[in-house]
Amino acid sequence: MKKIALVGPVYPYKGGIAHYTGLLAKALSREFDTELISYSMQYPKILFKKEQRDYKNDSFKFDRTKFILNTANPFNILRTARAINSMKPELVIIQWWHPYFAPCYAILAGALKAKIVFTCHNVFPHERFPFDRALTKLVMKKGDYFILHSEKEAAELLSIMPEAKYTVNMHPTYSAFNFHSAEEKSSDGKVLLFFGFVREYKGLKILMKAMKELKEIKLLIVGDFGGKREEYETLAQELQIEEKIEIHDGYTPDREVEKYFRAADAVVLPYLDATQSGIAQIAFGFEKPVIATRVGGLGEVVTDGETGILCEPSDSYLLAEAIKRFYSLKESGTDFKANIRADSERFSWEHMVKSIRELTGV
């Protein structure tokens, strides 16, 4: 059996990319001898002061994990490279999403002997900063192959690596949050869900303005506001929609994710800018339709009128009309759940492993 080494965050680290890495490792291990290399230190506390680990749910755990990589210690990084080389893998797959990791991964990749695949969750960061392009190129030029999750990401990669060998594989579905067998919605009335980190580019303010135009619909806002909750509460007061929204501020433990998705008719991604979104894949894991803007790869993920609704970004009126259209289709008999189920193969982890095989020849 061929060996693959996978590098990235995994349980008990928090967040979507840690979930992704654990699920990818499990999928790869069905066909390959898979070792996972994770962090002894991911971010220095001076940069990331919140707790980086969550031990409450181990469903994303991968037993064959070595927590040995210190992203800020060059000597440790070289030791980690030697440890990976001693495994003699056919392939090393590295998770990439932010230029913070550029020095670490440049050193690591430069010392590895196997072929390298970068899985790019974002080629460039959502919130751009000086030299981010140069830092990204510094690392990407050390890769042999690249996996992207949208055509927009592919275009960004080609802007710095015109000859890159890559494939676009849709972000696989997160079905591992389904801890119970309940299939029916667990609340009465019309409910929409906005889920995840609250950042300006995610367009929550546009969604809140749209809510003013919508009657008898409740909005659940579940996510970490990063200290800016008051700003959004003030907007809710100005729009006079306080009674229509329910806020749950802070990190959502894995085992609490399900109840919010079960409570909703649909998940709304009113993004102003995006490459792709793991939130859409959590929604599809619960067979919940997605109402999203046509930005980045979201238009490649959502099939308009079948697995969700698409609209143009940055316009609260168009978003409100999209939400009305969703409920109109739902009430007239469109089976969004069946459509999501029928479209699930291209979002499967087996499809991802097949893409890796075809891209790299392992």
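In the predicted model, a salt bridge joins the side chains of Glu 350 and Arg 30, with an N to O distance of 3.6 Å. The two partners belong to distant parts of the chain, 320 residues apart. Glu 350 is part of helix α13 (residues 349–360), whereas Arg 30 sits in the loop between α1 (16–29) and β2 (33–41). Both Glu 350 and Arg 30 are exposed.

A second salt bridge is formed by the side chains of Glu 331 and Lys 190, at 3.3 Å from N to O. Glu 331 belongs to helix α11 and Lys 190 to strand β8 (residues 190–195), so this pair ties together parts of the chain that are 141 residues apart in sequence. Glu 331 has a relative accessible area of 58% and is therefore classed as exposed, the cut-off for that class being over 50%. Lys 190, with a relative accessible area of 29%, is partly exposed.

A further salt bridge lies within one helix. The side chains of Glu 233 and Arg 229 meet at 2.8 Å, N to O. Because Glu 233 and Arg 229 are 4 residues apart in helix α7 (residues 229–239), about one helical turn separates them. Glu 233 is partly exposed, its relative accessible area being 31%. Arg 229 is also partly exposed, with a value of 29%.

Salt bridges also occur as a network, which links Lys 3, Asp 33, Glu 35, Arg 64 and Lys 66. In general, side chains of opposite charge can pair when their charged atoms come close. The count for the model comes to 20 salt bridges.

Helix α11, which contains Glu 331, also takes part in a packing contact with another helix, α6. The axes of α6 (residues 204–211) and α11 (residues 316–331) come within 8 Å and cross at roughly 65°. That angle makes α6 roughly perpendicular to α11, because the class covers angles from 65 to 115 degrees. The crossing of α6 past α11 is right-handed. On the α6 side, the contact is made by Ile 206, Leu 207, Lys 209 and Ala 210. On the α11 side, Ser 316, Leu 319, Ala 320 and Ile 323 take part. By residue type, the contact consists of 6 nonpolar residues, 1 polar residue and 1 charged residue.

How values were computed. Residues are numbered from 1 along each chain as its sequence is written. This is a predicted model: local features need pLDDT of at least 70, side-chain atom pairs count only at pLDDT 80 or more; totals for chains, interfaces and linings use all residues. Side-chain values use heavy atoms; hydrogens and water are left out. Axes are lines fitted to C-alpha atoms, for helices over the stretch in contact, and angles run from 0 to 180 degrees between N-to-C directions. Helices (H or I, at least four residues) and strands (E, at least two) are DSSP runs, numbered from the N terminus. Angles under 35 degrees count as roughly parallel, over 145 as roughly antiparallel, 65 to 115 as roughly perpendicular and the rest as oblique. A crossing is left-handed if the near helix is turned anticlockwise from the far one by less than a right angle, and right-handed if clockwise. Contact means heavy atoms within 4.5 Å. Ala, Val, Leu, Ile, Met, Phe, Trp, Tyr, Cys and Pro count as nonpolar, Asp, Glu, Lys and Arg as charged, and the others, Gly among them, as polar. A salt bridge is a side-chain nitrogen of Lys or Arg within 4 Å of a carboxyl oxygen of Asp or Glu. Buried means under 20% relative accessible area, exposed over 50%, partly exposed in between (1.4 Å probe, protein chains only).
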